[in-house]
Amino acid sequence: MTDLPLPYTDEAHQQAAQWLTEEAYLLDRQRYAQWLERMTDDVRYIMPVRVTTARSAGFDTLAGMSHFDEDLFSLRKRVARFETEHAWTEDPPSRLRHFVSNVRTFAGDAPGELRVESYVLVFRSRGDVREGQFLPAGRDDTLRREGGGLKLARRVIEVDESVLRMQNLGIFL
């Protein structure tokens, strides 16, 4: 793998950027079953806990601690729960907007894989009385070519805050 991103005119970069845009569309409209179809069978979806440390510490996440560390089975369970009366964190459902930018695409470690860096700013509104909330993050994705298209094989989400101001994380980033 090289440290140089693919040119923005490269077809692989354009496909990756379009994949992220279409993913944001599905998440904003809460079409989670369609979103899950875009995952590989061995997907990992991880959001480590961020901490504020001195530069010399050499880390800014807690080893072994995550807000979530999920596979396809647990992602499916979360989505299935949204369809039940027990999904109180999303009833009424959030109003969401995923703003994706700064997309950089790199050749992956394995044939047929792309590593994609992006920034995401998620706006979330719930109900009529709470203020809207923003959650900025960087994402490091591995997209893999499967079945004629790209699928998400790994996502590591690094939020920009060590103290999250959202009431809950009942949404996907």
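Predicted model: local features only at pLDDT ≥ 70, side-chain atom pairs only at ≥ 80, totals over all residues.
Residues are numbered from 1 along each chain as its sequence is written, and side-chain values use heavy atoms, with hydrogens and water left out.

Which partners does the ring of tryptophan 35 find? Rings of Phe, Tyr and Trp (its six-membered ring) pair if their centres lie within 6.5 Å; planes under 30 degrees apart count as stacked, over 60 as edge-to-face and the rest as tilted. With phenylalanine 172, tryptophan 35 forms a tilted aromatic pair, 4.4 Å centre to centre and with 35° between the planes. Because tryptophan 35 lies in helix α2 and phenylalanine 172 in the segment after β6, this pair ties together parts that are 137 residues apart in sequence. Phenylalanine 172 is buried, and so is tryptophan 35.

A search of the whole structure finds eight aromatic pairs. One of them joins tryptophan 35 and tyrosine 45 edge-to-face, at 5.8 Å centre to centre and 85° between the planes. This pair links tryptophan 35 in helix α2 with tyrosine 45 in strand β1, 10 residues apart. Tyrosine 45 is buried too, with a relative accessible area of 0%. Ring pairs also build a cluster, made of Tyr32, Trp35, Tyr45, Phe68, Phe82 and Phe172.

Now let us step back to the whole chain. The protein chain has three helices and six strands. Helices (H or I, at least four residues) and strands (E, at least two) are DSSP runs, numbered from the N terminus. Along the sequence, the pattern of the protein chain is α-α-β-β-α-β-β-β-β. Of the 173 residues in the protein chain, 42% are buried. Contact means heavy atoms within 4.5 Å, and among the contacts in the protein chain with a separation of 6 or more, 62% come from residues 24 or more positions apart.

In soluble globular proteins, nonpolar side chains tend to be buried together. A nonpolar core is a set of buried Ala, Val, Leu, Ile, Met, Phe, Trp, Tyr and Cys residues joined through side-chain atoms within 4.5 Å. In this structure, the largest such core has 35 residues, and those with the most contacts inside it are Trp35, Tyr45, Ile157, Phe172 and Leu173. Two or more residues each come from α1 (11-28), α2 (32-36), β1 (39-50), α3, β3 (95-107), β4, β5 (133-146) and β6 (149-159). Which element gives the most to this core? That is α1, with six residues. Leucine 173, for its part, touches residues including Leu27, Tyr45, Val120 and Ile157, not counting residues up to four places away in sequence.

Helix α1 deserves a visit of its own. Its buried residues include Ala12, Trp19, Leu20 and Leu27, and what covers the buried residues of α1 includes α2, β3, β4, β5 and β6. The expected span of a helix is 1.5 Å times one less than its number of residues. The 18 residues of α1 should therefore span 26 Å, which agrees with the 26 Å between its end C-alpha atoms. At the N-terminal end, aspartate 10 caps α1, with a side-chain oxygen 2.8 Å from the backbone nitrogen of alanine 12. Just after α1, glutamine 30 takes a positive phi of about 55°.

Next comes helix α3 (residues 72-82), where Leu72, Leu75, Arg78, Val79 and Phe82 are buried. These residues cover an arc of only 125° around the axis (taken from the directions from the helix axis to the C-beta atoms), which puts them on the same side of α3.

Our last stop is arginine 115, in strand β4 (residues 113-125). Is arginine 115 buried or exposed? Arginine 115 is buried, with a relative accessible area of 17%. A polar contact is a pair of N or O atoms within 3.5 Å; within protein, one must be able to donate a hydrogen and the other to accept it, and residues adjacent in sequence count only if both atoms are side-chain atoms.

How values were computed:
Buried < 20%, exposed > 50% of the residue type's maximum accessible area, 1.4 Å probe, protein only.
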